[in-house]
Amino acid sequence: MRVPPFTLHTPTSIEEAMDTAGTLQADGKEFDWIAGGTDLLPNYKWHLNTQNDVISLASIKEMKTLTATHIGAMVKLHDLVEDTNSHPLLRQTAGSVASVLIRRQATVGGNICLDTRCFWFNQSEEWRRSIEWCHKCDCDTGADCRVIPNQNTLCVATYQADLAPALMCLDASIHLISPAGQRSMPLNEFFELDGMKRNVLVDGEIVSHLTLPDDAADWDGKYEKLCLRESWDFPEAGVAVSWKGAGNELQGLRIATTGCESIPVFHQEQAEDALENWQGKDSIKALGQAIRKEVKPVNNTYFPPAYRRKMLPVLVKRAISPLFEE
Ligand SMILES: Cc1cc2nc3c(=O)[nH]c(=O)nc-3n(C[C@H](O)[C@H](O)[C@H](O)COP(=O)(O)OP(=O)(O)OC[C@H]3O[C@@H](n4cnc5c(N)ncnc54)[C@H](O)[C@@H]3O)c2cc1C
Ligand code: SF4
């Protein structure tokens, strides 16, 4: 399988990237951004929604800044893991992505903007032709969704990136830049419940960086993921939990999931309920069941949805366990 040919543009500043995007748009050309390419290029090899023009963000130095509270979109996952100033929850979560080799190439922005996945879609072109395509890459046939047919507007492919729930639990904000200007929002408002649109980014817009609030260091946390093999595999379900305080003296609790739906989900209501009625270890089971009830996976990844849901209380329990360690 070969990557189809495309023209690679290599701007060295955000301003130049915006100019390049603007010029391509003015010429009526569609394009993709590429960061580390560990997801985009495998998709291109499978001829999944390829473009003739690709703009690389790899030479833009201003997107590589990493401090305790500022994470450039072009920061490599490996650097996030290795940097002792980074929040421990982010270091642990980034360290659970794929393998060292991939993490040395993969970026934070690429992880946040990761394409959604589905076993009807992440296949070779020949395989997809044999099932007469699907809605997300329909090759102008108007093919239906194979997972939930007869609705043909929505794609329910699964968001399977690890970092987003951990960043949500640290109350991260995401910062976007387009030729029209800049905007920022809490990370949990960035994602859109459609496996094709995925997030709020408009044509020509990029994620420039993420920021954490100053009090992020006061929060502890842990990420737990269910996957086929311990390294290398995408999360079939992932749970991040963060907390402020300890044991029975809990002052703050946050919880978010990934790998269960088309978007990562920040479970504010369930965390607030648990905190209000907090009775130490006795509250964990109820919290796990509340998350299981809220999340609705579909049948398009390796493990069946019922098993992924069943594992959520287990992942919640594992993720929250350090709260009770002396
Ligand atoms: C074998 C294998 C195992 C993997 N396992 C995991 C895993 O366990 N967990 C996991 O989370 N991921 C996994 N991945 C997916 C991927 O490697 C990571 O998610 C990685 O962080 C993607 O980053 P990248 O820089 O390579 O993204 P790219 O491939 O460059 O881009 C991914 C997408 O994001 C867009 N994009 C990139 N940067 C920006 C930006 N700044 N602004 C706007 N759009 C942008 C691109 O256009 C593209 O659509 C795996 C990949 C492979 C090949
Ligand atoms: S969820 Fe449906 S439309 Fe989306 S990739 Fe899977 S089969 Fe295609």
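Around ligand 1 sits a shell of 32 residues, of which G36, A106, G109, G110 and N111 come nearest; a residue is near a molecule or strand if its C-beta atom, placed from the backbone, lies within 6 Å of it. Two or more shell residues come from each of β2 (31–34), α2 (40–45), α6 (108–112) and β7 (206–211), where helices (H or I, at least four residues) and strands (E, at least two) are DSSP runs numbered from the N terminus. The model is predicted, with local features needing pLDDT of at least 70 and side-chain atom pairs counted only at pLDDT 80 or more, while totals for chains, interfaces and linings use all residues. Residues are numbered from 1 along each chain as its sequence is written, and chains are lettered from A and ligands numbered from 1 in the order in which they are written.

Domain 1 (1–57) and domain 2 (218–321) both contribute to the shell, so ligand 1 lies between them; the bounds come from an automatic or database domain assignment.

Then there is the open four-stranded sheet, antiparallel in its pairing and ordered β8-β9-β10-β11; strands count as paired if DSSP finds at least two bridges between them. At its edges are β8 (220–226) and β11 (265–266), each pairing on one side only. Nine bridges join β9 (residues 237–246) to β10 (residues 249–258), and V241 stands opposite I255 in β10.

Helix α9 (residues 268–276) lies across β10 and β11, at about 155° to β10, whereas α11 (residues 305–320) lies across β8 and β9, at about 30° to β9. Contact here means C-beta atoms, placed from the backbone, within 7 Å; axes are lines fitted to C-alpha atoms, for helices over the stretch in contact, with angles from 0 to 180 degrees between N-to-C directions.

Terms used. Contact = placed C-beta atoms within 7 Å.
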